[in-house]
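Hi,

Here is the structure I said I would pass on.

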Amino acid sequence: MFEAVDEVWMDGEFVDFEDANVHLLTHALHYGTGVFEGVRCYETEEGPAIFRWEEHLDRFYNSAEVYDIEIPFEKQELTEATEELIRREGFESCYIRPIAFYGYGPLGLNPGKSPVQVGLAVWPWGAYLGEEALEDGVDVAVSSWRKYASSQIPTNAKTTGTYVNSVLASLEAKENGYTEAIVLNKEGNVAEGPGENIFLVRDGEIYTTGLAESILDGITRRTAIELAEERGYTVHDDATISRGELYTADELFFTGTAAEVTPIRSVDDNEIGTGTKGPVTDELQTAFFDLVESGEREEWFRYVYSN
Ligand SMILES: Cc1[nH+]cc(COP(=O)(O)O)c(CN[C@@H](CCC(=O)O)C(=O)O)c1O
């Protein structure tokens, strides 16, 4: 995955990839006290451009605020460092991983005097759930692990430590022969995927779980909603979806920066629709990829090389 990567950016400096290390007693390593983002730079017709960077950066700083993580860089500094890192790596398209975390200092649950470290890494990352998945869809299973509730851990923050919940769900799915999981919330209704939001199509209308269902407010979710409404679809963006409604859906699909728009063809071995990518999913997936290839919504693209 990282063969093509030469450098990262850490705490204000470009650092050789093999020297990008942290101390064993890093607070976040022991207690999960870090926040991160996942962003994509796409090779658009006008050149490499970062998709919806401002929204991702806002969410990054908001996530940090939840844990009193004071990022010691301005947004513009991280923006310039990210663009420079992509240029130094010479990537036309790539995945971008900002991370901020409590570093090496006195241990104990209170991060107190631990310094805040900030890192940026970029690398080529293709289809998150496999190239065939984008065309043929994925087989998923409802996880026995429930998504933590927003009353237990803030779901509006991308917190490193909370991803053990996602890891458990994803591991269980893969160990049982499925590509990905669907995670229910503590009420037993659908939340989302371990690393994706989920959409359901029924009788020509589109449903996606609302923030009250303990989901991450996905930026690709926001994009998909806008693309669907522009095409005349009714989108219910605060839906409560029961497990049974997954089985009787006409179509299901995941959205996410890494997953992009990935069809779901079966849930718990129940075929969804025709058992492959449905027509509404196909229309929205095509619209998404046309968008990120064309860069047509200028306000959503930040060009890395000024042409
Ligand atoms: C729990 C969760 N829910 C929804 C999403 C979709 O959000 P957005 O990317 O803003 O549309 C993601 C992103 N998952 C990131 C991490 C993937 C990973 O394996 O790491 C991503 O897609 O980059 C989540 O982690």
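Predicted model: local features only at pLDDT ≥ 70, side-chain atom pairs only at ≥ 80, totals over all residues.

Starting with the overall picture, the chain has 8 helices and 17 strands. Its radius of gyration comes out at 19 Å, close to the 19 Å that the globule rule gives for 307 residues, so the chain is as compact as a globular protein of that length. If you draw a box along the principal axes, the C-alpha atoms fill roughly 55 × 50 × 30 Å. Of the 307 residues, 55% are buried.

Now for the surface. One patch is negative, and the residues forming it are Glu45, Glu46, Asp290, Glu293, Glu296 and Glu298. To find Glu45, go to the loop that links β4 (39-44) and β5 (47-51). Glu45 has a relative accessibility of 63%, and because the cut-off for exposed is over 50%, Glu45 counts as exposed.

The other patch is nonpolar and covers about 730 Å². Leu24, Leu25, Leu29, Tyr31, Tyr104, Leu107 and Leu109 make it up. Where does Leu24 sit in the chain? You will see Leu24 in the loop between β2 (13-16) and α1 (27-31). Leu24 is exposed too, as its relative accessible area is 64%.

Cheers

Methods:
Residues numbered from 1 in each chain as written. Heavy atoms only, no water. Patch = residues over 30% accessible without salt bridge, like charges linked within 9 Å, V, L, I, M, F, W, Y side chains within 5 Å. Areas by Shrake-Rupley, 256 points an atom, 1.4 Å probe, with all protein chains shown as cover. Salt bridge = Lys/Arg side-chain N within 4 Å of Asp/Glu carboxyl O. Lys, Arg positive; Asp, Glu negative; His and termini not counted. Charge placed at Lys NZ, Arg CZ, Asp CG, Glu CD. Helix = DSSP H or I, 4+ residues; strand = E, 2+ residues; numbered from the N terminus. Buried < 20%, exposed > 50% of the residue type's maximum accessible area, 1.4 Å probe, protein only. Rg over C-alpha atoms; globule rule 2.2 N^0.38 Å.
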